Structure formats: structure tokens, C-alpha cells
Amino acid sequence: MTEIAFHFNIPDRVAYLSRLLRKAVGRADSIVVVAEPATLDKLDRKLWELSATDFIGHWREGQEGGATAAAMQECARVWLTGDVGSCARHDVLVSLMPQVPAGFEQFARLIEVVSQDEADRAQARERWRYYTSRGYQIQRHDVQVKG
């Protein structure tokens with residue numbers, strides 16, 4: 001059964017996610033980030049802005065480049081996508097989607113990242129209810145409490 005964790009009270013989801021990905025890359029074989037296109041654009045830019053020592057090799061769904069894009073897709077540890085159905089790897093899924101990501105149960109672990117925005121929090125409550133109604137145990141990570 002997929003392990004689920006909610007990270008909530010996040011002031012800046014993209015900045016938080018770039019830090020989370022730096023930590024997670026060392027622990028997981030692959031990480032898939034699913035989000036709306038505008039959010040993926042911001043995250044992609046943020047990951048390219050990291051220092052050379054912090055850089056995270058990643059692949060963005062829809063990247064041009066023929067053989068180069070195919071090679072990147074094959075070796076990248078982090079995939080950025082709007083649809084997890086196109087992903088061949090299923091270690092960790094990080095969701096920034098307003099709804100339960102289709103196909104999440106294929107992954108060993110799901111991390112939901114929730115901002116301080118009230119609409120985002122309300123959508124997260126719906127997703128939480130969905131998971132608990134299906135018997136998933138959820139780990140809570142309140143970032144605001146940690147400082």
C-alpha cells in the first residue's frame with residue numbers, strides 16, 4: 001500500500017519543493033512531481049537556478065530535443081509532469097495538484113505539498129478524506145510548527 005505524507009503550511013511551495021527534492025534524491029531511485037503546467041514552469045526554473053553542487057538532474061515532460069530528451073528522460077532522477085500515467089518509474093510521487101493524482105497507488109510513496117492558501121488547504125482536506133476513506137494511513141508534517 002502506498003505510504004502517504006502531507007507537508008502543510010508551506011509558505012512557498014516551489015522553494016520548499018526544491019529543498020525537499022535535494023534531500024529526497026539521495027533516498028529514492030526516482031521522484032515524479034505532478035503539478036499544473038504553470039507550477040511546473042516555476043519549479044523547472046527554480047531547479048536550474050540551484051548552485052552546481054546542489055543541481056538536481058531532472059526531465060520536464062514535453063521537452064524538445066529528440067535523442068537528447070530521450071536520454072534525459074531515461075537517466076533523470078526527477079521527472080516533472082502533469083500526468084503520472086506517462087511515467088515509467090514509481091518510487092516517490094510528489095503532488096501539487098488540487099485533486100487526488102490519478103495513478104498515485106502505483107507509487108511506493110506519495111507526498112502532498114499544501115500551501116497556507118485557504119483554497120489549497122480546503123482541497124487538501126478533501127484529498128485527505130479520500131485517502132483515509134480508502135484505508136491509507138497518513139503522516140503529518142506541519143512545516144509552520146517547525147519554524
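**Close-up 1. Lining of the second largest pocket in the predicted model.** In this predicted model, the second largest pocket is lined by R13, V14, E36, T39, K42, L96, M97, P98, S115, D120 and Q123, and the space within the pocket comes to about 220 Å³. Helices α1, α2 (37-48) and α4 each contribute at least two residues to this lining. Sorted by class, the lining of the second largest pocket comprises 4 nonpolar, 3 polar and 4 charged residues.

**Close-up 2. The largest pocket and the elements that line it.** About 380 Å³ of space lies in the largest pocket, whose lining is made up of 16 residues, with H7, Y16, L20, K23 and R27 lying nearest the centre. The elements that give two or more residues to this lining are β1, α1 (13-25) and β6 (109-115); of the contributions to the lining, that of α1 is the most, at 6 residues. By class, the lining of the largest pocket divides into 10 nonpolar residues, 1 polar residue and 5 charged residues.

**Close-up 3. Helix α1, its span, its cover and its N-terminal cap.** Helix α1 has 13 residues and reaches 18 Å from its first C-alpha to its last, which is close to the 18 Å expected at 1.5 Å a residue. The helix is mostly covered, in that 10 of its 13 residues are buried, and these buried residues are R13, V14, A15, Y16, L17, S18, L20, L21, A24 and V25.

**Close-up 4. Side-chain polar contacts of H58.** H58 belongs to strand β3 (residues 58-60), and because its relative accessibility is 1%, H58 counts as buried. The side chain of H58 is joined to the side chain of D44 by a polar contact of 2.5 Å, and a polar contact of 3.4 Å joins the side chain of H58 to that of W48.

**Close-up 5. The aromatic pair of F6 and W128.** The structure holds 6 aromatic pairs. One of them is formed by F6 and W128, whose rings lie 5.0 Å apart from centre to centre with 55° between their planes, an arrangement that counts as tilted. This pair links distant parts of the chain, since F6 sits in strand β1 (residues 3-10) and W128 in helix α4 (residues 118-133), and the two are 122 residues apart.

**Close-up 6. The aromatic pair of Y130 and Y131, and the ring cluster.** The ring centres of Y130 and Y131 are 5.8 Å apart and the ring planes stand at 80°, so this pair is edge-to-face, the class given to planes over 60 degrees apart. Y130 is partly exposed, with a relative accessible area of 30%, whereas Y131 is buried, with a relative accessible area of 0%.

Conventions: Residues numbered from 1 in each chain as written. Predicted model: local features only at pLDDT ≥ 70, side-chain atom pairs only at ≥ 80, totals over all residues. Heavy atoms only, no water. Phe/Tyr/Trp six-rings, centres within 6.5 Å; stacked < 30°, edge-to-face > 60°. Helix = DSSP H or I, 4+ residues; strand = E, 2+ residues; numbered from the N terminus. Buried < 20%, exposed > 50% of the residue type's maximum accessible area, 1.4 Å probe, protein only. Polar contact = N/O pair within 3.5 Å; in protein donor to acceptor, adjacent residues only side chain to side chain. 1 Å grid on protein atoms, 1.4 Å probe; cavity = no way out; pocket = protein on both sides within 12 Å on 5 of 7 lines; lining within 4 Å. Points joined across faces, edges and corners; volume = space filled by probe spheres on them. Nonpolar A, V, L, I, M, F, W, Y, C, P; charged D, E, K, R; others polar. Expected span 1.5 Å × (residues − 1).
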